[in-house]
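Me: Hi! Could you walk me through how two chains sit together in a model I'm looking at?
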Protein chains: 2
Amino acid sequence: MQGLVRQSLTGQNRGNGPASPPEHPLQAGPAQAGLTLDSALDGRGPLFDQIKRAVAGQILRGRWQTGQRLPNEAELSSLYGVSRQTVHKAIALLAREGFLVRRRRAGTFVATGRRDRFALPIEDIGDVVAREGRVYEFRIRDRKSLRNGEGIRWPDLPDGTPILALECLHFSDGTPIQHERRLVNLDVVPEVVDESFDVVAPSRWLVDRVPWSSADHTVRAVNATAEMAALLGVEAGAACLSIRRQTMHLSRPVTLVHFLSVGDRFSLSGSSITDSATELNL
Amino acid sequence: MQGLVRQSLTGQNRGNGPASPPEHPLQAGPAQAGLTLDSALDGRGPLFDQIKRAVAGQILRGRWQTGQRLPNEAELSSLYGVSRQTVHKAIALLAREGFLVRRRRAGTFVATGRRDRFALPIEDIGDVVAREGRVYEFRIRDRKSLRNGEGIRWPDLPDGTPILALECLHFSDGTPIQHERRLVNLDVVPEVVDESFDVVAPSRWLVDRVPWSSADHTVRAVNATAEMAALLGVEAGAACLSIRRQTMHLSRPVTLVHFLSVGDRFSLSGSSITDSATELNL
DNA sequence: CGAAAGATTATGTACATACCTTTTCGCCGA
DNA sequence: TCGGCGAAAAGGTATGTACATAATCTTTCG
């Protein structure tokens, strides 16, 4: 039996040859109390992906309600006619993506409320502008080397640490859209003093060179000061998106940036992270 | 040899008994041209996690530069003294998290530029307020059932579809912080007409009940209109964060929300997604 | 000399097996 | 009745093995 299932799956997954219609091992078996039809795999892609889709489908279609307990790995394994490891891989991935919660001995449960899993990707401004088919430019407005505490203070860095302070403007088709004020820790990235930033923007330069282990962001809405309004070509008080990002490397701060973008020329947008949703496209 | 390594690892990982000092199979072997020291595992947690940490460490410490090719699975396997599958699991996870890029036959490479992996979680306002230790309240200001196109238009929904339109205000310690204008697709969630929202806020109610498969967001900065300013208790023109979210379920729109939050009373913040960074805490 | 065919290599998936860890549940005795 | 203790259940990790898939390299032949 096992050998037979495996054969049919092998042929079914990799569509070499004229795609034979998917065979569902379970439909042939004895009546399984309603589970038979629902547990059909679609034969597209790797087995563990099919299992993921099948399980996520049950959840999204409401057949497995939030908080409810799933069949255990052994049961799922015989239900879908695959080995326990394959089920385990699929289920573990779904758990990692937030669809399921697993507890030893207790079992696997449909996650209640994924409310905190919405997320918003933050992209490099140059990429965004380029993708919109516009011309991206930037201009360094100011650049100075100094030590922390001399006029500027970077809270998470000890006073006296050498830093590079940059100020620059980003343009889309010639219109200013974003102002950037950046501090770079010269203890971590000493090479930056030799870089002129004639061609490549500081953000790009850093991200291409310095690996980072973590970063934190804060996004706020603020009214443009008179000075910023003049730089960005809007009237004073215009609503602007303010993004603060601090990037860390081996628990040391690498760079601290404040971006300021004109409200009606820039927005953040994105879909939910959960990549299985897009993979599943249900 | 293999049996010996396995034994020592078994004893080393699960610290049953008085934690024996970690043994590094490789340090005993013949000189491996500098690789010996760097490839030490730390003996904490599962093997595949140790491999993840070790590899990520090489990258973050700059020993493996971006774009560089890693040893293949077989080499890593013998380097760390574990099976190829264990290496595969660790490396595949790091690839999934964006540290590495893998191509068949070509090999595994350190990812260049993780710029698009910054992200920002979006939480329920009630959770945020509660976590800050403040008192959360909300008030439904308006509620009506209508059909799409009658005064209000929900772009992604066919005209004539029955919808519920809600307007409500969220308070933190009695101060208004967020205005919410929500549309709910009654074809998908008919039960919502029977809910009074006396106790539980619409967002919470929906998220607890209706599974969603995808959601997209847009965040912008806008100046408060006179009407909104009055509701939120700020002066007209104050900068506000505007969040638009549309949630889908099985490719059908479920709900469309516009949140408007006062700039200096609300912000979005979060760390980078990459969970291995926190796991690694390097 | 160049293109097609074939060999090679590295990753990807699947299964069988074994054993470990955690948590729950029920039994038994105080 | 209650507390503790042990068995059992469910998930977690690791290995060996086998084969599939996709690039890349090499060889051969027109």
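Reply: Happy to! One term to begin with: a salt bridge is a side-chain nitrogen of Lys or Arg within 4 Å of a carboxyl oxygen of Asp or Glu. This is a predicted model, where local features need pLDDT of at least 70, side-chain atom pairs count only at pLDDT 80 or more, and totals for chains, interfaces and linings use all residues. Residues are numbered from 1 along each chain as its sequence is written, and side-chain values use heavy atoms, without hydrogens or water.

Me: How many salt bridges are there across the interface of chain A and chain B?
Reply: The rule finds two. In a salt bridge, Arg96(A) meets Glu97(B), with 3.7 Å from N to O.

Me: And how many residues are in contact?
Reply: 55 residues of chain A touch 56 residues of chain B, where contact means heavy atoms within 4.5 Å.

Me: What about the area buried between them?
Reply: About 5,000 Å², with 58% of that from carbon and sulfur atoms. Buried area is the accessible area (1.4 Å probe) that two parts lose on being put together, summed over both.

Me: New topic: which strand of chain B is joined to β7(A)?
Reply: Strand β10 of chain B, residues 268-271, which runs antiparallel to β7(A) and is joined to it by four bridges. Strands here are DSSP runs (E, at least two residues), numbered from the N terminus, and two strands pair if DSSP finds at least two bridges between them.

Me: Which residue stands opposite His217(A)?
Reply: Gly270(B), in β10(B).

Key: Chains lettered and ligands numbered in written order.
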